[in-house]
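Please read these notes with the model open beside you.

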Amino acid sequence: MQRDALLQLLRQLESGDITAEQTADKLASLPFEDLEFAKVDHHRSLRSGLPEVVFAAGKTAEETATILSRIHASGTPALATRADAAAFEATQKLIPDAKYHARARAITCGDGAKKSGGRVAVICAGTSDLNVAEEAAITADFFGATVSRFTDVGVAGLHRLLAHLNAIREADAVICCAGMEGALPSVVGGLVAVPVIAVPTSVGYGAAFGGVAALLGMLNSCSPNITVTNIDNGFGAGYVATLYSNRAVR
């Protein structure tokens with residue numbers, strides 16, 4: 001349940017439009033709903049102010065769909081990450097207007113959070129990093145940020161990044177996704193005056209060690225405005241960038 005929905009419910013009770021028993025029935029599933037295989041947290045949106053999220057990896061398609069449908073029924077927008085086409089097909093049977101973002105492997109149910117006015121730039125070093133960058137972009141957009149995307153602007157051709165520098169500097173927070181040696185966030189961090197969330201991707205040849213080389217490079221960056229997520233964690237970057245941008249607006 002979102003804060004606005006809870007306030008509306010309480011106003012209906014106060015005005016006499018609904019009874020105390022009806023209010024109790026609506027609140028009966030709070031703070032969580034027990035589905036046996038999952039306990040759906042209906043209070044999280046009230047605490048965080050952001051839509052609920054389901055990590056679909058490791059769940060069956062039907063489990064993901066059921067969880068999303070219960071969140072959707074409570075009036076809260078929901079996002080599922082690491083979801084495959086089977087999970088979306090099962091979800092769409094229960095929530096016909098659900099949307100699938102194939103590159104990001106994400107399902108969105110509902111319109112997402114209201115636009116806060118916060119701005120997030122999502123940068124990826126190469127097209128091979130785009131899956132992770134799109135997960136970050138879809139997350140930030142669904143959570144209420146205004147997102148600008150800058151694709152294939154890695155350090156192998158620095159002029160590509162510099163061509164977009166003025167637009168990137170308009171953001172309240174920057175997400176930078178890169179594999180290989182992970183150098184791009186250090187460059188970006190030295191050019192902007194806002195937080196940079198660096199996302200190491202599992203892109204690269206053998207010595208990239210599935211993103212470990214990029215992770216270590218980013219953790220050792222000399223740009224002091226950089227913080228680093230786990231490998232391929234576009235969702236985490238999108239979430240944190242949204243919090244940064246929302247705070248900047250407030």
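A salt bridge here is a side-chain nitrogen of Lys or Arg within 4 Å of a carboxyl oxygen of Asp or Glu. Side chains of opposite charge can pair when their charged atoms come close. The model is predicted: local features need pLDDT of at least 70, side-chain atom pairs count only at pLDDT 80 or more, and totals for chains, interfaces and linings use all residues. Residues are numbered from 1 along each chain as its sequence is written, and side-chain values use heavy atoms, with hydrogens and water left out.

1. The structure holds five salt bridges. One of them joins Arg 82 to Glu 135, with the closest N and O atoms 2.9 Å apart. Arg 82 sits in the loop between β4 (78–81) and α5 (85–94), and Glu 135 in helix α6, so the pair ties together parts that are 53 residues apart in sequence. Helices (H or I, at least four residues) and strands (E, at least two) are DSSP runs, numbered from the N terminus.

2. Glu 135 is buried, at 4%. Arg 82 is partly exposed, at 25%.

3. Asp 172 and Arg 119 form another salt bridge (3.5 Å, N to O). Asp 172 lies in the loop between α8 (165–168) and β9 (173–178), while Arg 119 belongs to strand β7 (residues 119–124), 53 residues apart. Asp 172 is buried at 16%. Arg 119 is partly exposed at 39%.

4. Arg 149 and Glu 134 also meet in a salt bridge (2.5 Å, N to O). Arg 149 is in strand β8 (residues 146–151) and Glu 134 in helix α6, so this pair ties together parts 15 residues apart in sequence. Arg 149 is partly exposed, with 42%. Glu 134 is buried, with 16%.

5. Helix α6 (residues 130–142) packs against helix α11 (residues 234–249) at about 35 degrees, their axes 7 Å apart. Axes are lines fitted to C-alpha atoms, for helices over the stretch in contact; angles run from 0 to 180 degrees between N-to-C directions. Contact residues (heavy atoms within 4.5 Å) include Glu 135 and Ala 136 of α6, and Phe 235 and Tyr 239 of α11.

6. Look at Phe 209, in the loop between β10 (196–200) and α10 (212–219). Phe 209 counts as exposed because its relative accessibility is 58%.

Notes
Buried < 20%, exposed > 50% of the residue type's maximum accessible area, 1.4 Å probe, protein only.
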